[in-house]
Amino acid sequence: MGDYSVADAYLYSLTQWGQAEWLAPTYKANIHFDGLENLKAWYLRMRSRPAVRKALDAEGLA
């Protein structure tokens, strides 16, 4: 599937519901991701992708 797939896009969108020190949440539901270092590393990689940045900027979520 390469380094990015539709599953990555979907998971990125789902993480926006959660809360963690490293997360830029949109909804701040009572879901906590603190201590999930692999998720943190993945999230930060996704958030730095140019296409993700462009989409966040377009939606006013950056």
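**Notes on the predicted model**

1. Helix 1 and helix 2 are roughly perpendicular to each other. This is a predicted model, and the packing angle behind that description is about 105 degrees. Angles of 65 to 115 degrees count as roughly perpendicular, so the pair falls in that class. The two axes are 11 Å apart, with helix 2 spanning residues 37-47.

2. The contact between these helices involves Asp8, Leu11, Tyr12 and Thr15 on the helix 1 side. On the helix 2 side, the residues are Leu39, Trp42, Tyr43, Met46 and Arg47. By class, the contact residues comprise 6 nonpolar, 1 polar and 2 charged.

3. The model has 4 aromatic pairs. One of them is Tyr12 with Tyr43, whose ring centres are 5.2 Å apart and whose planes are at 5 degrees. Planes under 30 degrees apart count as stacked, so this pair is stacked. Because Tyr12 belongs to helix 1 and Tyr43 to helix 2, the pair ties together parts that are 31 residues apart in sequence.

4. The largest pocket has a volume of about 160 Å³. Its lining consists of Ala9, Tyr12, Ser13, Gln16, Thr26, Tyr27, Val52, Ala55, Leu56, Glu59 and Leu61. Two elements give two or more residues to this lining: helix 1 (6-15) and helix 3 (50-59). Helix 3 gives the most, with 4 residues.

5. What is the make-up of the pocket lining in nonpolar, polar and charged residues? The lining divides into 7 nonpolar, 3 polar and 1 charged.

Terms used:
Residues numbered from 1 in each chain as written. Predicted model: local features only at pLDDT ≥ 70, side-chain atom pairs only at ≥ 80, totals over all residues. Heavy atoms only, no water. 1 Å grid on protein atoms, 1.4 Å probe; cavity = no way out; pocket = protein on both sides within 12 Å on 5 of 7 lines; lining within 4 Å. Points joined across faces, edges and corners; volume = space filled by probe spheres on them. Nonpolar A, V, L, I, M, F, W, Y, C, P; charged D, E, K, R; others polar. Axes fitted to C-alpha atoms, helices over the stretch in contact; angles between N-to-C directions. Parallel < 35°, antiparallel > 145°, perpendicular 65-115°, else oblique. Contact = heavy atoms within 4.5 Å. Phe/Tyr/Trp six-rings, centres within 6.5 Å; stacked < 30°, edge-to-face > 60°.
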